[in-house]
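Dear colleague,

I am handing over the structure below, followed by notes on what was found in it. Please read the notes with the coordinates open beside them.

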Amino acid sequence: MKINTDQLSEFNKKQNDSYENEIDYLKNKFAKKGISVAEIIQKLADFQVAIPSWALGAGGTRFGRFSYGGEPASLEQKLNDIGILHALTKTAGAVSLHIPWDIPEDVNAIKDIAKSHDIIFDAMNSNTFQDQPDAKESYKFGSLNSSNEASRKYAVQHNKEVIRIGEQLGSKSLTVWLADGASFPGQLNFQNALQNTEKSLKEIYASMPEDWKLFIEYKPYEPNFYSTTIQDWGTSFMLANACGDRAFTLVDLGHHLPNTNIEQIVATLMYKGKLGGFHFNDSKYGDDDLTVGSIKPYALFLIFNELVYGMENNPQNPYPAWMIDASHNIKDPLEDLLQSLEAILIAYAQALLVDQKALKEAQQNNDVTKCQEILQDAYRTDVRPIVKAARAKSGAAVNPIEAYRAFDVRKTLIEARGMKTVATGL
């Protein structure tokens with residue numbers, strides 16, 4: 001299924017949405033603070049978020065999985081689904097592939113499909129957290145950190161193969177997330193595990209093309225529950241520094257212990273020039289991988305406030321690679337992703353409305369009340385008209401979910417693929 005510009009134009013005409021009047025009000029209000037709403041609209045129109053190939057089908061938990069009809073059963077179908085998301089939003093112009101779940105059989109054909117949807121290939125993702133049917137070595141007790149040298153070499157070689165595939169597709173970065181760790185005290189030697197991980201990452205880094213970046217992800221627990229070798233941003237930061245200038249920390253919103261101040265982590269990494277990527281999701285208890293902004297929208301706004309400040313004031317930090325990393329067990333996966341894209345743009349727009357000049361002055365004067373008022377004035381502003389204006393400017397649907405339903409996308413996918421297809425990798 002492919003949604004064309006004529007369909008979107010006709011849909012927008014029928015919306016009878018009065019966001020233009022609200023835009024005029026916002027322009028007048030924020031012009032007094034020296035903030036250009038027109039510039040914000042352009043920034044939102046330019047903003048792109050990568051869609052992970054594994055998020056296009058129904059997810060699940062260790063207790064079960066509830067399938068969703070019309071799921072993409074191949075990489076080609078996954079790209080077509082992202083094409084639908086991108087057509088509706090003009091914000092999903094990249095895909096992040098996971099190997100071996102998404103090994104292309106015909107690289108040129110896959111590139112042609114992506115190009116037809118105006119999609120680029122973002123970071124490649126390796127998989128050393130599960131054994132494949134034909135695996136010659138096991139990751140049961142670790143991969144890059146393993147005490148078994150053969151397992152470490154096998155994991156390193158897999159990452160090199162992921163890089164090779166990424167080169168063919170035009171990707172420029174590799175994301176490494178490790179499940180490596182221990183579930184019981186005494187199971188491994190912490191220092192040896194960290195030393196093995198650093199040595200393995202250095203070998204992977206040395207094999208990358210000179211224009212590639214390495215993103216090192218971290219997570220405090222799960223699937224190991226006593227320790228994780230790369231358990232926090234500090235460990236990732238240390239390993240990135242050990243690897244070299246093109247190695248960076250990747251922040252996933254769900255990969256923190258409860259109540260962690262993620263915005264401070266973001267600020268610190270950008271100050272040091274080491275925030276390479278950012279994975280969006282939301283959570284209530286742990287790494288829940290829920291729809292972005294569904295639980296903690298104010299926290300998302302505060303994080304974006306630091307991201308915006310860093311992008312404007314930390315030239316030593318590269319422009320971050322944005323990606324949604326979510327799992328959906330009871331929602332239409334594409335609707336869930338549309339909601340996440342909406343939440344991301346809303347938080348970004350709110351952060352761009354922060355009166356940074358006034359905030360800096362209040363901070364200098366230690367006017368704590370004023371600081372809070374400035375932030376909450378931006379957060380409490382209904383920026384949905386700005387998001388709609390950005391979409392209209394890009395030729396997207398002003399109301400993507402309404403368009404998705406009006407075009408009967410899921411029904412069409414079910415008719416084409418059936419009810420029993422399962423997205424690869426899940």
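Thr 249 counts as buried, at 0% relative accessibility, where buried means under 20% relative accessible area, exposed over 50% and partly exposed in between, with a 1.4 Å probe and protein chains only. This is a predicted model, in which local features need pLDDT of at least 70 and side-chain atom pairs count only at pLDDT 80 or more, while totals for chains, interfaces and linings use all residues. Residues are numbered from 1 along each chain as its sequence is written, and side-chain values use heavy atoms, with hydrogens and water left out.

Thr 249 lies in strand β9; helices (H or I, at least four residues) and strands (E, at least two) are DSSP runs, numbered from the N terminus. A polar atom of the Thr 249 side chain lies 3.3 Å from the backbone nitrogen of Phe 237. If neighbours within four places in sequence are left aside, the residues in contact with Thr 249 include Trp 233, Ser 236, Phe 237 and Ala 240, and also Ile 216 and Leu 269, contact being heavy atoms within 4.5 Å.

Helix α8 (residues 233–243) has Thr 235, Ser 236, Leu 239, Ala 240 and Cys 243 buried. Seen down the axis of α8, these buried residues fall within an arc of 135°, so they line one face of the helix; the arc is that of the directions from the helix axis to the C-beta atoms. The cover over the buried residues of α8 includes β9 (247–252), together with α7 (190–207) and β7 (213–217). Gly 244, which follows α8, has a positive phi, near 150°.

Cys 243 has a relative accessibility of 11% and therefore counts as buried, and Cys 371 is buried too, with a relative accessible area of 16%. The structure holds zero disulfides, a disulfide being a pair of cysteine sulfur atoms within 2.5 Å.

In helix α16 (residues 409–417), the buried residues are Val 409, Arg 410, Leu 413 and Arg 417. Viewed down the axis of α16, they fall within an arc of 95°, so they line one face of the helix, whereas Lys 411 and Glu 415, on the other side of α16, are exposed. What covers the buried residues of α16 includes α4 (75–89), α11 (333–352) and α15 (400–406). After α16 comes Gly 418, whose phi is positive, near 90°.

The largest nonpolar core has 114 residues, and those with the most contacts inside it are Leu 44, Leu 88, Phe 304 and Ile 386; such a core is a set of buried Ala, Val, Leu, Ile, Met, Phe, Trp, Tyr and Cys residues joined through side-chain atoms within 4.5 Å. The largest share of this core, 13 residues, comes from α11. Beyond its neighbours within four places in sequence, Leu 44 is in contact with residues including Leu 345, Tyr 348, Ala 349 and Leu 352, as well as Ile 386.

Glu 161, found in helix α6 (residues 149–169), is partly exposed, with a relative accessible area of 31%. A polar contact of 2.5 Å joins the side chains of Glu 161 and Arg 164; a polar contact is a pair of N or O atoms within 3.5 Å, where within protein one must be able to donate a hydrogen and the other to accept it, and residues adjacent in sequence count only if both atoms are side-chain atoms.

Best regards
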